[in-house]
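Please work through the exercises below with the sequence and the model at hand.

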Amino acid sequence: MGGAGPTGGQQPVAEQDAFTRWVYGRPFFGGLWLTLGGAWILLTMKASVKVVMHVGMQGVAGYLLPSLMVLLGLLILFSPDQRLFYSITGVLISMGTWVTSNLGGFMVGLLLGVVGSVMTFGWLPDQDPRASRRERPGPARPTTQDGPATHTGHNGTDTPTAQTVTAVGTPRTAQ
């Protein structure tokens, strides 16, 4: 199926649509997962009494923490400049839902919140797009040294490095 153009490469930024540029300009999936985790916990709060295992505090905290997770996820999406604060707060609040909200939405909401917060924390805004394996250069070949280190301290090498090379590698010639 020989296509006319190159495949697998990313389009230039000018050719991408506005939504794609918006998604790549922020930690989109981290904020989305944190928002979905909070929404999942809020939905499991409405589960039937036979299914629900209320552990810990009841009432306001059971609804407050997942609501804050949703709010933090939306803040990550729409205000990514403060992502580090939002992600650290999101992890702590997600972990707090273990006690307050049905074991963190039966672990699903808790895991979505924690993973989304960690993804947000690790997101780097000014990173170059990743190249596929086919586009990456081959493995770097090791360069040869200036020669055997028979004299310590020459050619700008520091003395401990030259001594260890001499001790491990080539024997010293008798002078």
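The model is predicted, and local features need pLDDT of at least 70, side-chain atom pairs count only at pLDDT 80 or more, and totals for chains, interfaces and linings use all residues. Residues are numbered from 1 along each chain as its sequence is written, and side-chain values use heavy atoms, with hydrogens and water left out.

**Exercise 1. Overall description**

Task: State which elements the protein contains and how confident the prediction is.

Solution. 
- Step 1. Helices (H or I, at least four residues) and strands (E, at least two) are DSSP runs, numbered from the N terminus. The protein has seven helices and zero strands, in the order α-α-α-α-α-α-α from the N terminus.
- Step 2. pLDDT is the predictor's confidence in each residue, from 0 to 100. Its average over the protein is 77, and 63% of the residues score at least 70. Among the elements, α6 has the highest mean pLDDT (95), whereas helix α7 (residues 159–168) has the lowest (52).
- Step 3. A residue is buried under 20% relative accessible area, exposed over 50% and partly exposed in between (1.4 Å probe, protein chains only). Of the 175 residues in the protein, 29% are buried.
- Step 4. A contact means heavy atoms within 4.5 Å. Among contacts with a separation of 6 or more, 73% join residues 24 or more positions apart.

**Exercise 2. Helices α2 and α3**

Task: Compare the span of each helix with its expected value, and find what covers its buried residues.

Solution. 
- Step 1. The expected span of a helix is 1.5 Å times one less than its number of residues. Helix α3 (residues 60–78) has 19 residues and should therefore span 27 Å; its end C-alpha atoms are 26 Å apart, which agrees.
- Step 2. The 17 residues of α2 reach 24 Å from the first C-alpha to the last, close to the 24 Å expected.
- Step 3. Buried residues of α3 include A61, G62, P66, V70 and L77; the buried residues of this helix pack against α1 (18–24), α2 (28–44), α4 (83–100) and α6 (108–121).
- Step 4. In α2, the buried residues include F28, G30, T35 and T44, and their cover includes α1, α3, α4, α5 and α6.

**Exercise 3. The largest nonpolar core**

Task: List the residues of the largest nonpolar core and say which elements supply them.

Solution. 
- Step 1. A nonpolar core is a set of buried Ala, Val, Leu, Ile, Met, Phe, Trp, Tyr and Cys residues joined through side-chain atoms within 4.5 Å. The largest one has eight residues: L34, I41, L65, M69, L72, I76, Y86 and I93.
- Step 2. Two or more residues of this core come from each of α2, α3 and α4. The largest share, four residues, is that of α3.
- Step 3. Leaving aside residues up to four places away in sequence, I93 touches L65, L68, M69 and L72.

**Exercise 4. Aromatic rings**

Task: Describe the pair formed by F19 and W22.

Solution. 
- Step 1. Rings of Phe, Tyr and Trp (its six-membered ring) pair if their centres lie within 6.5 Å; planes under 30 degrees apart count as stacked, over 60 as edge-to-face and the rest as tilted. The structure holds six aromatic pairs.
- Step 2. One of them is F19 with W22, 6.0 Å centre to centre with 25° between the planes, and it is stacked.
- Step 3. Both residues lie in helix α1, three residues apart, about one turn of the helix.
- Step 4. F19 is exposed because its relative accessible area is 51%; W22, at 27%, is partly exposed.
- Step 5. Ring pairs link F19, W22, F28, F29 and F78 into a cluster.
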